[in-house]
Amino acid sequence: MKFLAVGLFFALQLAGQVGWITVDPQAGLAGVAYSFQIQASSAQGGLTYALQSGALPAGITMSSGGVLAGTTTQSGTFTFTARAAVSASVFSDRLFRLLIVSAPPAVTFFPLEFPSGSLGLAYQTSFSAIGV
């Protein structure tokens with residue numbers, strides 16, 4: 001006799017509750033435009049988002065639609081609590097960590113164009129770099 005095991009996974013969303021979908025936002029680079037949507041769900045729909053506590057890096061804001069966006073020159077790990085709410089009495093708070101890393105320095109090589117070489121002959125030239 002053979003048995004077949006079947007597994008089912010489902011999420012139950014109770015009326016009047018808010019559940020989070022986003023775990024942590026993706027990391028960003030200092031000095032580079034950033035945008036990330038945090039998400040929660042509710043059987044009642046119509047969620048609005050707000051920063052409850054903690055701080056986002058200067059230049060990054062959170063919209064009422066849950067979008068973290070902007071450009072910051074700060075790097076580090078920023079911990080904040082966001083609230084997803086259907087109403088003043090139906091909401092859920094969640095702690096997030098946003099990592100912003102320093103962008104690597106730009107490197108420029110001089111000369112910008114190298115002299116032409118010849119096939120089959122040794123080639124030698126020099127160059128310099130700034131920004132390292």
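Leaving aside neighbours within four places in sequence, which residues is Ser 92 in contact with? The residues concerned are Val 18, Trp 20, Ala 82, Arg 83 and Ala 84, where contact means heavy atoms within 4.5 Å. The structure is a predicted model, in which local features need pLDDT of at least 70 and side-chain atom pairs count only at pLDDT 80 or more, while totals for chains, interfaces and linings use all residues. Residues are numbered from 1 along each chain as its sequence is written, and side-chain values use heavy atoms, with hydrogens and water left out.

The protein chain has zero helices and 11 strands; helices are DSSP runs of H or I with at least four residues, strands are DSSP runs of E with at least two, and both are numbered from the N terminus. Along the sequence the pattern is therefore β-β-β-β-β-β-β-β-β-β-β. Of the 132 residues, 23% count as buried, on a scale where buried means under 20% relative accessible area, exposed over 50%, and partly exposed in between, with a 1.4 Å probe and protein chains only. The exposed surface comes to about 9100 Å², of which carbon and sulfur atoms supply 60%; accessible areas come from the Shrake-Rupley method with a 1.4 Å probe, and for residues only the protein chains shown count as cover. Among contacts with a separation of 6 or more, 53% link residues 24 or more positions apart.

Ser 92 itself sits in strand 9. It counts as buried because its relative accessibility is 17%. Its side chain is joined to that of Trp 20 by a polar contact of 3.1 Å. Such a contact is a pair of N or O atoms within 3.5 Å; within protein, one must be able to donate a hydrogen and the other to accept it, and residues adjacent in sequence count only if both atoms are side-chain atoms.

Two strands are taken to pair if DSSP finds at least two bridges between them. Strand 5 and strand 8 pair in the antiparallel sense over six bridges, and Thr 48 has Ala 85 of strand 8 as its bridge partner.

A further open sheet holds three strands in the order 3-7-6, paired antiparallel. Its edge strands are strand 3 (34–37) and strand 6 (60–62), each pairing on one side only. Neighbouring strands here are turned by 15 degrees against each other on average, direction ignored; the axes are lines fitted to C-alpha atoms, for helices over the stretch in contact, and angles run from 0 to 180 degrees between N-to-C directions. Strand 7 (residues 67–70) is joined to strand 6 by three bridges and to strand 3 by four bridges. Leu 68 in strand 7 is the bridge partner of Met 62 and also of Phe 36.

In a regular strand the side chains alternate between the two faces of the sheet. Strand 3 has Tyr 34 and Phe 36 on a covered face, and Ser 35 and Gln 37 on an uncovered one. Val 67, in strand 7, counts as partly exposed because its relative accessibility is 27%. Between Val 67 and Phe 36, the C-alpha to C-alpha distance is 5.6 Å across 31 residues of sequence.

In soluble globular proteins, nonpolar side chains tend to be buried together. The largest nonpolar core has 21 residues, of which Trp 20, Ile 38 and Leu 68 touch the most other members; a nonpolar core is a set of buried Ala, Val, Leu, Ile, Met, Phe, Trp, Tyr and Cys residues joined through side-chain atoms within 4.5 Å. Two or more residues each come from strand 1 (18–20), strand 3, strand 6, strand 8 (76–85) and strand 9 (91–101). Strand 8 gives the largest share, four residues. Beyond four places in sequence, the contacts of Leu 68 include Pro 25, Tyr 34, Ile 38, Leu 56, Ile 60 and Phe 80.

Finally, Thr 72 lies in the loop between strand 7 and strand 8. Thr 72 is buried because its relative accessible area is 2%. Its side chain reaches the backbone nitrogen of Gln 74 at 3.0 Å. Beyond four places in sequence, Thr 72 is in contact with Ala 30, Gly 31, Pro 57, Ala 58, Ile 60 and Ile 100.
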